[in-house]
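Here is my note on the model, as numbered points. Please read it with the structure open.

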Amino acid sequence: MPRILEFGLGWCADGLYAERIIIPVRNGGRLYTFVARSILPQEPKKVLYPAHSAPSETLFNYDRVHEHGWKGAFPTLVEGVFDVMRHCCDTGLAVLGSQLSGTQVALLRHLYQPGMRSEEH
């Protein structure tokens, strides 16, 4: 239950995102997009994003890592949101796909600046 509250997970019962867990993706403290992940094994498309959203322009969990620092470890880059929730909540960042974009590289560089390490907080 703590992970559900911590990451603000929701559920969609009907419509385009029916039978999907909704995971908000925040950037700068604001809702940037969301991931709609199916729980049905027969669903051909497991992950959906809202139309006109650009998940490759952000990193899931970026605000948390940016705000709290690295806690003594470098950020861990993973593919999806559940990888972050399962393995590396404090330092994990999800690419929201299989490739790293130029914008995501810039966000990572921004994290790797003097003053961002937790021991300097």
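1. Architecture. From the N terminus on, the element order is α-β-β-β-β-α-β-α-β-α. That makes four helices and six strands in the protein. Both kinds of element are DSSP runs numbered from the N terminus: helices are H or I with at least four residues, strands are E with at least two.

2. Basis. This is a predicted model, in which local features need pLDDT of at least 70 and side-chain atom pairs count only at pLDDT 80 or more, while totals for chains, interfaces and linings use all residues. Residues are numbered from 1 along each chain as its sequence is written, and side-chain values use heavy atoms, with hydrogens and water left out.

3. The protein has 121 residues, and 34% of them count as buried. Buried means under 20% relative accessible area, exposed means over 50%, and partly exposed lies in between (1.4 Å probe, protein chains only). The accessible surface comes to about 7,300 Å², with 56% belonging to carbon and sulfur atoms. Areas come from the Shrake-Rupley method with a 1.4 Å probe; for residues, only the protein chains shown count as cover. Among contacts with a separation of 6 or more, 49% are between residues 24 or more positions apart. Contact here means heavy atoms within 4.5 Å.

4. The sheet. Four strands form an open sheet, ordered β1-β2-β3-β4, with antiparallel pairing. The edge strands are β1 and β4 (47-48), each of which pairs on one side only. Two strands pair if DSSP finds at least two bridges between them. β1 and β2 run antiparallel and are joined by three bridges. In one of these details, Cys12 has Arg20 in β2 as its bridge partner.

5. The core. What is the size of the largest nonpolar core, and which residues have the most contacts inside it? The core has 13 residues, and the most contacts inside it belong to Phe60, Val81 and Leu96. α3 gives the most, with three residues. By definition, a nonpolar core is a set of buried Ala, Val, Leu, Ile, Met, Phe, Trp, Tyr and Cys residues joined through side-chain atoms within 4.5 Å. Val81 is worth a look: leaving aside neighbours within four places in sequence, Val81 is in contact with Ile23, Val35, Phe60, Ala94 and Leu96.

6. Aromatic pairs. A search of the whole structure finds two. In one of them, the ring centres of Tyr17 and Phe34 are 5.2 Å apart and the planes lie at 80°, so the pair is edge-to-face. Tyr17 sits in the loop between β1 (10-12) and β2, and Phe34 in strand β3 (residues 30-38), so this pair links distant parts of the chain, 17 residues apart. Rings of Phe, Tyr and Trp (its six-membered ring) pair if their centres lie within 6.5 Å; planes under 30 degrees apart count as stacked, over 60 as edge-to-face and the rest as tilted. Tyr17 is buried at 15% relative accessible area, and Phe34 is buried at 18%.

7. Salt bridges. The structure holds three. Each needs a side-chain nitrogen of Lys or Arg within 4 Å of a carboxyl oxygen of Asp or Glu. Glu6 pairs with Arg64, the closest N and O atoms being 2.2 Å apart. This pair links distant parts of the chain: Glu6 is in helix α1 (residues 2-7), Arg64 in helix α2, 58 residues apart. Glu6 is partly exposed at 36%, and Arg64 is partly exposed at 22%.

8. Glu43 and Arg20 form a salt bridge at 3.3 Å, N to O. Glu43 lies in the loop between β3 and β4 and Arg20 in strand β2, so the pair ties together parts 23 residues apart in sequence. Glu43 is partly exposed at 27%. Arg20 is buried, at 3% relative accessible area.

9. Asp83 and Arg86 meet at 3.5 Å, N to O. Being three residues apart in helix α3, they are separated by about one helical turn. Asp83 is partly exposed at 25%, whereas Arg86 is exposed at 55%.

10. Asn61. Beyond neighbours within four places in sequence, Asn61 is in contact with Phe7, Val84, Cys88, Cys89, Gly92 and Leu93.
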